[in-house]
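Colleague: I would like to learn how to read a structure like this one. Can we take it feature by feature?

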Amino acid sequence: MKRELLRIEGGAKKKRTFSLKNIHIQCYVGHFSGIIFLNANEKKLMSVILEGKDFFDEGRIFLFDRRIKEKEWKKKVRSHIAVVGREKKLYDYMTVGENIGLYVSESFILKRDRYYLHLSRCLEEKFGIQLNVAHKGDELGFCGRILVEVMQAYVRKQRLIVLYQLTNRLDDDGFEQLLRVVQKMKEEGYAFLMLDSFEEQILKYADDYYVVDDGRISGYYGVDTIQKFTFIQMNNRDVHEYYLKSRKTPKILTPEAALDEQIQLLEFRHVETGIVKDLSFTIQQGEFVVMRCRDDYVCRALTALLKGEEQPLRGMICLKGKSLPYHETWRMLENDIGIMEEQPLEQNLVADMTLMDNLCLCLGRKISGLWMGKQYQNSIEMMLRRFIEKRYFGEKIKDLPLQVAYRAVFCKWLLFAPRMLICVRPFAAVDIDSVRVIAKEMIQALLQRGVAVLVITSNIQEVEELEGRRVIVDKIET
């Protein structure tokens, strides 16, 4: 039976331009949870509250099953919760040993250097890490600082350790060191909560994770039961409203349960235009559909419908059960739809900007503050390094090899993760075998991430090369 350490019920905090709304989270003894925030300001606000510097306007907080009121929150946080990574906790003029020894129960003044050295050596041996005990606080790199701050929390017996946005500064070696510490501390009853904007490390290490979108919990998932890189969002009901009404704790979604939660993402109901007659089909979230059109005229007509630039003469196009509104193309992302036009390099990327800036520019629409936050770049590189070599991220799009630039278009959508990506004749502009291979590889990566992909093409060879459910559009009005 898991013992609950922290519970937040209906937590709400309003700021001028953003807010947290009806937050429900639970942290258990010996457990490692993660929260992925799609807004950097909301993530920072949550860390400030957990650090004891603020409190929710609404909702309730429990520590070890005891409700904590606002007036005692700050004191309780000091005893039970440590936030690591947001603000520096070390004294620059003190050694590592002194920084750690400062928080033991005995009087700090009466201790000698050999005591701090002995304490630090014991921690190094216990956790299998290198603390550089003789170094001053200002001589440590980021990884060293994080390890020392976690050791501070350990000797203070702060049972919940919040790891704040570490993916942007810790490399793989740093995370492996931290993970060794986390595992041993979990065995002793410590709990961890990682706040981040990227799921790469959370999916690697956490036992479960939450997703916070627009200040609300939009999903709660068991990492062990869901494939890496996959987000299966709950689209058929507002999860936060469900929690509010039922007062129930979030339920982990298994792959089978997630499929039960799915509804039709896109539906054409007997759609007719000046060209297409009586077209009906559906797309589920995460599904791959290839739409083979008779000719380019039909391709363009269907693309205009999906972009909202034109409306059908008869029938209805529904997105998540609601009629797709007429809108300008640039507002498609508000409906969580991305589009790759026939000229993807020209239409989806800015040639005079670097690859990294192109990725941040798009993702900044989803994670507020990312465009100006250069600290996120390491996280982006880590997530995409299996697709693009590190040396290309700083180069302008116009200077990249064709294959790298083409990958960059797909990586932009892989990061943004819309509910659906529409690819219009993906091989038309670059009829090269290597690019075709790249396109198929990247489409598979999008599908694994839970993004539905709709390919619209009139090229029979493209249809044959792509393995997806086929919809043939050959009914033409005469």
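This is a predicted model: local features need pLDDT of at least 70, side-chain atom pairs count only at pLDDT 80 or more; totals for chains, interfaces and linings use all residues.

Colleague: Which residues of H5 and H6 make the contact?

Modeller: From H5 come Cys143, Ile146, Leu147, Val150, Met151 and Tyr154. H6 answers with Gly174, Gln177, Leu178, Val181 and Met185. Sort them by class and you get 9 nonpolar, 2 polar and no charged residues.

Colleague: How should I read a nonpolar core?

Modeller: In soluble globular proteins, nonpolar side chains tend to be buried together. In this model the largest nonpolar core has 46 residues. Leu355, Leu384, Ile388 and Phe410 touch the most other members.

Colleague: Which elements give two or more residues to this core?

Modeller: The strands are E13 (288-293), E17 (420-424) and E18 (452-457). The helices are H12 (355-363), H13 (377-384), H14 (402-416) and H15 (433-448). H14 supplies the largest share, 11 residues.

Colleague: What does leucine 384 touch, leaving out residues up to four places away in sequence?

Modeller: Leucine 384 touches Leu359, Phe393, Cys411, Leu414 and Leu415. There is also a second, separate core, with 42 residues. Val84, Ile100, Leu147 and Val181 are among them. You have met two of these names: Leu147 and Val181 also belong to the contact between H5 and H6.

Colleague: Now a sheet. What is the idea?

Modeller: Strands of a sheet pair through backbone hydrogen bonds, either parallel or antiparallel. Take the open sheet of 4 strands, with the order E2-E1-E4-E5. Its pairing is antiparallel.

Colleague: Which are the edge strands?

Modeller: Strand E2 (19-28) and strand E5 (66-68). Each pairs on one side only. From one strand to the next, the twist averages 25°.

Colleague: How many bridges join E1 and E2?

Modeller: Strand E1 (residues 4-14) and E2 pair over 7 bridges, in the antiparallel sense. For one example, leucine 6 has cysteine 27 of E2 as its bridge partner. Helix H1 (residues 40-50) packs on the sheet and touches E1 and E2. The direction of H1 makes about 55° with that of E2.

Colleague: Where does helix H2 lie?

Modeller: Helix H2 (residues 70-80) lies across strand E4 (58-63) and E5. H2 runs at about 115° to E5.

Notes. Residues are numbered from 1 along each chain as its sequence is written. Side-chain values use heavy atoms; hydrogens and water are left out. A nonpolar core is a set of buried Ala, Val, Leu, Ile, Met, Phe, Trp, Tyr and Cys residues joined through side-chain atoms within 4.5 Å. Buried means under 20% relative accessible area, exposed over 50%, partly exposed in between (1.4 Å probe, protein chains only). Contact means heavy atoms within 4.5 Å. Ala, Val, Leu, Ile, Met, Phe, Trp, Tyr, Cys and Pro count as nonpolar, Asp, Glu, Lys and Arg as charged, and the others, Gly among them, as polar. Two strands pair if DSSP finds at least two bridges between them. Axes are lines fitted to C-alpha atoms, for helices over the stretch in contact, and angles run from 0 to 180 degrees between N-to-C directions.
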